[in-house]
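Please consult the sequence and the model shown below while reading.

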Amino acid sequence: SDIVEPICAREPKRAAGMVAAIAGLIARARKAGMLVVYSTREANMAKWMPAVAPASGDPLIASKGQDRFYSTELDNVLKGKGITTVILTGWKVSGSILYTSVGATLRGYTVVVPADTTNAPTDYEVPIGIYAMLNQNSANATNEPLKPKATTLSRSDLIRFE
């Protein structure tokens, strides 16, 4: 979510590595036939960073809030495809990624957040976002891999598509 030019232009140093990691993860996901869904605030829908731009047919979810499930069709899109595990990437770990992970676990999804595919404007926001994700709802404070209906912190190079 939110890998759009207005945000990445404001935070070029923090966005650069994140964008590269997301691009690699998306390429591997597409090669494996996985669904790739895009979501951001409506005003930014057409300004995706070229390295991670949506492909034809990728669902685009316009959101008015940081939880991309709230008042959107995201849950219906995922459940319609039988998806039970989601990988969240994008800006920002203490904002949209955090709140979307909460929205996902409240709806029964297992969530994976690769740490190298997200960031925040300040150094202190990163551990705050990570702590909050691992201790919300169905807590996973020990970061148990793929704990059902909870959030796991990982890295993009550790994710395998099977």
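## Asparagine 140

In this predicted model, asparagine 140 has a relative accessible area of 2%. Because the threshold for a buried residue is under 20%, asparagine 140 counts as buried. The residue belongs to the loop that connects α5 (125-134) with β7 (151-154).

Setting aside residues up to four places away in sequence, asparagine 140 touches Leu134, Lys147, Ala150, Thr151 and Thr152.

## Helix α5

The buried residues of α5 are Glu125, Gly129, Ile130, Met133 and Leu134. Viewed down the helix axis, they fall within an arc of 155°, so they line one face of α5. The packing partners of these buried residues are α4, β5 and β7.

In soluble globular proteins, nonpolar side chains tend to be buried together. The largest nonpolar core here has 18 residues, of which Val86 and Met133 touch the most other members. Two or more residues of this core come from each of α3 (74-80), α4 (96-106), β5 (110-114) and α5. The most are given by α4, which contributes four residues.

Apart from neighbours within four places in sequence, valine 86 is in contact with Leu78, Ala104, Tyr109, Thr110, Val111 and Val112. There is also a second, separate core of 15 residues, including Met18, Ala29, Val36 and Tyr38.

Methods: Residues numbered from 1 in each chain as written. Predicted model: local features only at pLDDT ≥ 70, side-chain atom pairs only at ≥ 80, totals over all residues. Heavy atoms only, no water. Buried < 20%, exposed > 50% of the residue type's maximum accessible area, 1.4 Å probe, protein only. Contact = heavy atoms within 4.5 Å. Core = buried A, V, L, I, M, F, W, Y, C linked by side-chain atoms within 4.5 Å. Arc of directions from axis to C-beta.
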